[in-house]
Amino acid sequence: VAECIDTRMQVVRAKITEIVRTHGQDRPARILSLGSGPAREIQTFLEGPHARAGKVDFTLVDQETQALGYAYDRAYPPLLKLGGSARLQCLNISFTDILRANGGLQALPPQDLIYSVGLLDYLSDRRARLLVHRLYEALSPGGLLIIGNMNETALSNLWPMEFISDWTLQYRGEPEMLAWADGLNARQCWTETEKTGRVRLLFLRKP
């Protein structure tokens, strides 16, 4: 059941590597994680062989201070070893504030990659669509947005999570997730699943 948490992380980490290589040469690549939690993908990226592929500035956004503290503590040792080519800041902002027009992200520079892979499972379609539009606005030209959601499939996590653990999420398929991008005029818009098929990822690339 939990394997998809690791496999979706692997997809995101591969995109981080791609963005750092593409954008992190003349200036730091700018990467933001919303609902970052422990940010394991950033820790493992910083510890891995691709961390020196370019410069990068990470921004972690979460409403839980303990999650941010844990993520920073784990990332700090590999950050020191990279000698300043990678930086990380943590922002304690509520998700409600981000949904407001003046909330939270406006002070940041445009981002080359924004991702949120564990938050929208808890939101209604109306709020999810609004959040996708807010995050898309925060992208730089050519930037990439990645949104993850538990996939609506026969092998989904619905039974073990809902009926055994009483853990309620919103399970969605491709049509519902693509609808979040209506009106954005994205250059590219598609979905794919990680290898277990339990998590669907929406990708939006800005012109």
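Visitor: How many residues does α1 have, and what span does it reach from its first C-alpha to its last?

Guide: A helix here is a DSSP run of H or I with at least four residues, numbered from the N terminus. The expected span is 1.5 Å times one less than the number of residues. In this predicted model, α1 has 21 residues and reaches 31 Å, close to the 30 Å expected. Local features need pLDDT of at least 70 and side-chain atom pairs count only at pLDDT 80 or more, while totals for chains, interfaces and linings use all residues. Residues are numbered from 1 along each chain as its sequence is written, and side-chain values use heavy atoms, with hydrogens and water left out.

Visitor: Which residues of α1 are buried?

Guide: An α-helix has 3.6 residues a turn, so residues three or four places apart point the same way. Buried means under 20% relative accessible area (1.4 Å probe, protein chains only). For α1 the buried residues include C4, R8, V12, I16 and I19. Their cover includes β1 (29–34), α2 (40–47) and β2 (56–62).

Visitor: Which residues touch the most other members of the largest nonpolar core?

Guide: In soluble globular proteins, nonpolar side chains tend to be buried together. A nonpolar core joins buried Ala, Val, Leu, Ile, Met, Phe, Trp, Tyr and Cys residues through side-chain atoms within 4.5 Å. Here I16, I31, I42, L46 and F58 lead among 35 residues. Helix α1 gives the largest share, six residues. A second, separate core of 29 residues includes L139 and M177.

Visitor: What percentage of the protein is buried?

Guide: Buried residues make up 51% of the 207 residues.

Note on methods: Buried < 20%, exposed > 50% of the residue type's maximum accessible area, 1.4 Å probe, protein only. Helix = DSSP H or I, 4+ residues; strand = E, 2+ residues; numbered from the N terminus. Contact = heavy atoms within 4.5 Å.
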